[in-house]
Amino acid sequence: MEEIKDVVLNYVIEEYLEEDDEEITYDTPLISGGIVDSFSMVSLKRFLENKYSISIPDEKATPEAFDSVNKIVTLVREFAG
Amino acid sequence: MSNIGAYNERIREFDWSIAEKELDYSEGNILNIGWYCSDRICLQGKGDRVALFWEGFGGNEKQFTFNDIRVASNTIGAFLRNLGIKEGDRVCLFMDRIPELYLSFLGVLKIGAIVQPLFSAFGDESLHVRLENAQTRAIITQRKHLSKVRKILDLLPWLEHIIVVDYDNRKPLQKNEVAFSLEDAEPVDQCEIFPTKSESPSVLHYTSGTTGQPKGVKHVHYSLISQYLTTKWVLDLMEDDIYWCTADPGWVTGTSYGIIGPWSMGITQAVLDTGFSAEAWYRFIEKYNISVWYSAPTAIRSLMKAGDDLVKRFDLSSLRHLASVGEPLNAEAVLWSEKVFNIPFLDSYWQTETGSIMITNFPGMKIKPGSMGKVFPGITGTVVDPKTFEPFTEPGKVGLIAFKPGWPAMMRTYWNNDEMFRKKFKKGWYLPGDRASLDSDGYFWFIGRDDDVINTGGHLVSPFEVESALLEHEAVSESAVVAKPDNVNMEVVKAFVTLKPGYEPNNELELKIMNFIRKKLSPLAMPQEIEYMETLPKTRSGKIMRRILHAKEWGEEIGDTSTLEEDE
């Protein structure tokens, strides 16, 4: 799962960070930390679904479940079976 | 007892001079919102009262008294004046909800310049069209948003000053950039307030329409009169309240009721500058003893989604009045809030152009869940026939919401676009562009927009703007954008595209296009779904027929297709 962690982290850095020298970790709050807003969360969800060939139900795609790279990995793991 | 008291009596005896008297304003006097929201409160002996409790990421907290905001706004105003900013110049505020945003708002107004607040999540293209239209002279921003400004600077010959409020010396400043730190600046205790009058321009908010570029809605300092009184009577703010308006000042609610309304009354407000999380919001209410809470249906529905059990983990007993704005508040949300908070969210209706609340459910009034409520005293509002623009004589008929112009916060024009402004009036009525019905008790019931503008999470998105941006993507040949129903945001953006030769319709490309729009325009404008088409439905003259695609999304009858060139 280490690989998923890094894939998600790199994607977040590349797509959502506004300042190029901002640093984030696996536990940095993404939604509650204002890095990814609730509208942008849809594109992050879509990325995960495409990348890991999974389908995340809307009721599971909550701001809490997407609030850090580690939490996202847990979510992906749940649906990747 | 609520501030408004008996609604019917207020209607009978109403005159805007009620607000003028309470604000010690007489016609012809100097009227400056920046002064009213800070200096005047201090002169009333409330300088030591907290004006702003602020909390940001990582639990970072700040607190400002009314005297603090008076001095800070003086300091910002003086800094701008030293740069050469003068009355009538447009100064854009492009910041997250940090204290400098609120304090700069007052500082810009104090020197007679015009505030142009813009949502900080806007991408470079959205920023560009708005700064270009306003010929903005200065922008106040943060390091994290600098890259977007730098990208478009060469396209904006009027933009002389880029003021960075959190410069940390790590990287050199570039062309036109200057650092300003409120903490390090010499406090300016006395600032000469520019003698703005009632009709002096104050705030320039941008709003989206169906066609053309976004329009700058020009407001004047006299808007204070109705913003003050609606805050007092609708939001029912009282001396000891702690008020929380969850709207971002990049949008009109965040300035009319997130700055001007509460501070002109000398009320303490709290601001949370973090992303949304139900738990964080409840914790914030508990921590700051929020008593009056003004939010939006999208947020309320997101809280509903987080469940009732979460609410029970917090002591929210400080809440005494809840109000909502941005899109229609569904009956379920009203009933849910009554169940979990023991008080219902009361819906209110207004828009950027009206500047202040027009229709609402007042404290103490009988609530009909799902209704927008009744007109504010002093407002003449009705529903007119969409063809004749005459008011319906029978209740219950669906038509266009219409107001008689003349209330204080009414926009004065669209910036550099008087023609578009005039088109908003028919037979002496101002038409906000929404459809509704009016029942026999005088309650309005919202039906929907009368145009193609998409209301997503309470924010208006122009399909034209998104379609134009889509065409700039290398793979897109044609595009059409419509609203798609959504349980939380009411509507979201959906795009239909045809691709250029050589591009394959697949999920990867869909995500690339979504992210392209998110960065170029804003996360709100990003299509949450993209459907690939072989051809788009068009009229014989080649105009794309959005209404067919809209009808498809909403499961409606397609209607007359006789002018179609080709169907799907």
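How are α2(A) and α17(B) oriented to each other, roughly parallel or roughly antiparallel? The views below are taken from a predicted model, in which local features need pLDDT of at least 70, side-chain atom pairs count only at pLDDT 80 or more, and totals for chains, interfaces and linings use all residues. Residues are numbered from 1 along each chain as its sequence is written, while chains are lettered from A and ligands numbered from 1 in the order in which they are written.

**View 1. Helix α2 of chain A against helix α17 of chain B.** α2(A) and α17(B) pack at an angle of about 160°, with their axes 10 Å apart; axes are lines fitted to C-alpha atoms, for helices over the stretch in contact, and angles run from 0 to 180 degrees between N-to-C directions. The two helices are therefore roughly antiparallel to each other, given that angles under 35 degrees count as roughly parallel, over 145 as roughly antiparallel, 65 to 115 as roughly perpendicular and the rest as oblique. α2(A) passes α17(B) in a left-handed crossing, a crossing being left-handed if the near helix is turned anticlockwise from the far one by less than a right angle, and right-handed if clockwise. From α2(A), the residues A:S43, A:R46, A:F47 and A:N50 meet B:N507, B:E508, B:L511, B:M514, B:N515 and B:R518 of α17(B), where contact requires C-beta atoms, placed from the backbone, to lie within 7 Å. This contact divides into three nonpolar, four polar and three charged residues; Ala, Val, Leu, Ile, Met, Phe, Trp, Tyr, Cys and Pro count as nonpolar, Asp, Glu, Lys and Arg as charged, and the others, Gly among them, as polar. Helices (H or I, at least four residues) and strands (E, at least two) are DSSP runs, numbered from the N terminus.

**View 2. The side of chain A that touches chain B.** Between the chains, 18 residues of chain A are in contact with 21 residues of chain B. Helix α2 (residues 41-52) of chain A gives the most to the side of chain A that touches chain B, with five residues. The residues on that side of chain A comprise five nonpolar, seven polar and six charged.

**View 3. Helices α16 and α17 of chain B.** Helix α16 (residues 463-471) and helix α17 (residues 507-520) of chain B pack at an angle of about 120°, with their axes 10 Å apart, and α16(B) and α17(B) are therefore oblique to each other. The crossing of this pair is right-handed. B:V466, B:A469 and B:L470 of α16(B) make the contact with B:I513, B:I517 and B:K520 of α17(B), which by class has five nonpolar, no polar and one charged residues.

**View 4. Helix α18 of chain B and its surroundings.** In helix α18 (residues 546-554) of chain B, the buried residues are B:R546, B:I548, B:L549 and B:H550; a residue is buried if 20 or more other C-beta atoms lie within 10 Å of its own, exposed if 12 or fewer, and partly exposed in between. These buried residues pack against α16, β26 (476-486) and β27 (490-499) of chain B. Just after α18(B), B:G555 takes a positive phi of about 65°. B:M490, placed in strand β27 of chain B, has a positive phi of about 70° although it is not a glycine, and B:M490 counts as buried, with 22 C-beta neighbours inside 10 Å.

**View 5. The open sheet of chain B.** Nine strands of chain B form an open sheet of mixed pairing, in the order β2-β1-β11-β10-β12-β13-β14-β15-β16, where strands pair if DSSP finds at least two bridges between them. β2 (61-65) and β16 (374-375) stand at the edges, each with a single partner strand, so one side of each is left without a neighbour in the sheet. Strand β1 (residues 50-55) pairs with β2(B) in the antiparallel sense over five bridges, and the bridge partner of B:F53 in β2(B) is B:Q63. Helix α10 (residues 252-264) of chain B lies across β1, β10 (242-245), β11 (268-272) and β12 (292-295), running at about 165° to β10(B).

**View 6. Strands β3 and β4 of chain B.** Strand β3 (residues 90-94) and β4(B) run parallel, joined by four bridges, with B:L93 opposite B:P117 in β4(B). B:I114 and B:Q116 point one way from strand β4 (residues 114-117), B:V115 and B:P117 point the other way, and all are buried.

Key. Contact = placed C-beta atoms within 7 Å.
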